[in-house]
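The report takes the ligands one by one and then turns to the voids.

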Amino acid sequence: MNAPLKIGIAGLGTVGVGVFRLLVEHAAGFISDRSQRPVVVAAVSSRDKGKCRGIDISKVRWHDNPVALADDEDVDVVVELMGGSEGVAFDLIRKALENGKHVVTANKALLALRSVEILELLKKSKGTLSCEAAVAGGVPIIKGIREGLAANKISAVYGILNGTCNFILSEMRSTGCDFDDVLKEAQVKGYAEADPSFDIDGIDSGHKLSILAGLAFGCVPDFSSVHIRGISNISPIDIEFAEDLGYRVKLLGIARRTEKGIEQSVEPCLVPESAPIASVDGTLNAVYVDGDYVGNVLFTGEGAGGEPTASAVVADIIDVARGRVLPFLGMASSKAEILKPADINERIGSYFLRLIMLDQMGVLADVSAILRDCCVSIESVLQRGHSFGQPVPVILISHEMSEGGMLKAVKLISKLKSVVKSPHLMRIETFGTIY
Ligand code: NAP
Ligand code: HSE
């Protein structure tokens with residue numbers, strides 16, 4: 001039998017506990033069989049040793065300082081599950097790679113924001129870095145792109161990348177509950193990030209999208225060029241109107257290769273209710289990849305939570321045990337290109353614009369004049385309720401046009417006295433022929 005692979009886990013929260021449990025339950029059985037060597041948890045670290053976590057850590061070494069795992073000679077693989085792009089998580093990964101250890105992490109924030117440093121460390125390290133759990137929880141999208149679709153030139157990767165937001169939007173639609181209550185439920189269930197604004201403001205999806213774009217297009221992940229809008233301004237009215245028009249609201253991350261560069265966006269979008277992605281609900285994630293030879297491929301499954309995420313982390317550990325870890329971006333770090341971002345203002349699309357405006361004579365004419373001046377052509381207008389002089393919701397659906405023109409119009413419309421709340425803009429995404 002080959003020598004055991006010794007694991008050190010930093011962070012015993014939702015994911016860390018899931019990984020610990022999965023390894024303890026199955027390491028002696030199918031995990032060792034598939035790895036062709038025993039896999040054992042040798043050491044752990046977290047903030048609070050005495051915290052009740054429902055797992056027995058008495059038989060493994062404890063380190064008060066997680067970075068000590070990188071110097072522990074009896075640890076072959078450092079599994080970083082603390083989170084955060086700064087501080088101890090980065091220190092641990094850096095030290096582990098400098099010491100030639102293998103790293104497995106679920107930390108998308110760190111990979112998205114510090115990819116340049118990580119790639120530099122990897123160039124010099126005998127160790128490797130695996131991060132299947134960093135994108136779409138239990139869905140093997142990283143292996144899918146890097147290995148299964150390695151023969152394709154990829155033109156786009158897009159989908160639902162945040163379980164918390166998908167859960168919130170699905171619950172708001174099915175229960176009519178408001179945003180704050182549903183967010184609390186997602187936090188209790190362990191889906192949300194430590195700072196939930198990362199989820200609801202679209203930042204977490206942006207982190208994941210930039211990693212996917214790096215893999216798909218062979219470039220250094222570039223979070224700073226992701227155009228981001230979150231879901232916290234979505235009201236039940238938007239969801240209701242969208243449904244009346246035959247759409248569902250989904251927070252989508254979209255990365256496309258265009259002639260002018262790479263377009264990356266995260267924003268709530270209207271998708272036709274007949275589209276497969278429209279019925280991906282709850283914490284499920286769904287990622288489409290468009291490859292030139294394979295065509296359109298859909299990956300879907302649980303995108304958050306301790307067990308699905310542990311599944312991805314332990315798959316990476318098994319790869320290390322098998323001695324078959326591929327480079328982070330599927331190619332030598334030195335080959336990754338610098339991403340050239342496309343100007344989002346030039347992106348073409350149609351839009352859903354919700355206004356809350358006073359029901360008065362001539363107010364729509366003011367809005368129409370702005371739209372005309374900004375070259376925005378309207379396909380339909382919907383007004384609910386009539387209460388002269390009182391605020392009413394008005395929905396405008398635009399024809400296809402450049403985003404820059406629409407943004408300019410929205411800015412001017414928001415200054416009208418009759419518009420009593422900030423306008424809410426959402427893109428309508430039909431993804432060409434796939435529906
Ligand atoms: P979590 O429940 O908040 O757990 C974080 C753990 O890290 C806690 O056990 C905490 O210690 C420990 N920790 C934090 N700062 C530390 C420090 N300075 N020193 C030592 N230990 C420290 O987070 P999580 O949900 O498991 O997420 C972990 C990572 O997985 C993050 O990168 C996250 O983005 C990623 N991820 C999460 C999910 C998910 O569904 N939750 C899915 C995919 C990826 P104590 O418990 O002792 O306080
Ligand atoms: N907070 C993240 C989500 C966890 O809701 O998708 C998984 O990355």
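This is a predicted model: local features need pLDDT of at least 70, side-chain atom pairs count only at pLDDT 80 or more; totals for chains, interfaces and linings use all residues.

Residues are numbered from 1 along each chain as its sequence is written, chains are lettered from A and ligands numbered from 1 in written order, and side-chain values use heavy atoms, with hydrogens and water left out.

**Ligand 1**

The shell around ligand 1 holds 24 residues. V15, D48, K51, R53 and G305 come nearest. A residue counts as near when one of its heavy atoms lies within 4 Å of the molecule. By class, the shell has nine nonpolar, nine polar and six charged residues. Here Ala, Val, Leu, Ile, Met, Phe, Trp, Tyr, Cys and Pro are nonpolar, Asp, Glu, Lys and Arg are charged, and the others, Gly among them, are polar.

Polar contacts (pairs of N or O atoms within 3.5 Å; within protein, one must be able to donate a hydrogen and the other to accept it, and residues adjacent in sequence count only if both atoms are side-chain atoms) tie both ligands to named residues. The table lists some of them.

| Residue and atom | Ligand atom | Distance |
|---|---|---|
| L12, backbone N or O | ligand 1, oxygen | 3.0 Å |
| T14, polar backbone atom | ligand 1, oxygen | 3.0 Å |
| S46, side-chain N or O | ligand 1, oxygen | 3.0 Å |
| N162, polar side-chain atom | ligand 2, oxygen | 3.5 Å |
| G163, backbone N or O | ligand 2, oxygen | 2.7 Å |
| K208, polar side-chain atom | ligand 2, oxygen | 2.8 Å |

**Ligand 2**

Taken alone, ligand 2 exposes 250 Å², and the protein buries 94% of that. Accessible areas come from the Shrake-Rupley method with a 1.4 Å probe; for residues, only the protein chains shown count as cover. Helices (H or I, at least four residues) and strands (E, at least two) are DSSP runs, numbered from the N terminus.

**The largest pocket**

On a 1 Å grid over the protein atoms alone, a pocket is an open set with protein on both sides within 12 Å along at least five of seven lines, a cavity is a set of points where a 1.4 Å probe fits but cannot get out, and lining residues have an atom within 4 Å of a point.

About 1,200 Å³ of space lies in this pocket. Volume is the space filled by probe spheres set on the points, which are joined across faces, edges and corners. The lining has 46 residues, and L81, M82, G83, E193 and A194 lie nearest the centre. It divides into 16 nonpolar, 19 polar and 11 charged. α1 (14-35), α4 (108-113), α7, α9 (197-200) and α10 each supply at least two lining residues.

**The cavity**

How many cavities of 30 Å³ or more does a search of the whole structure find? It finds one. The largest cavity holds about 70 Å³. L169, S170, R173, I239, R248, V249, K250 and D281 line it. Two or more of these come from each of α7 and β9 (247-258).
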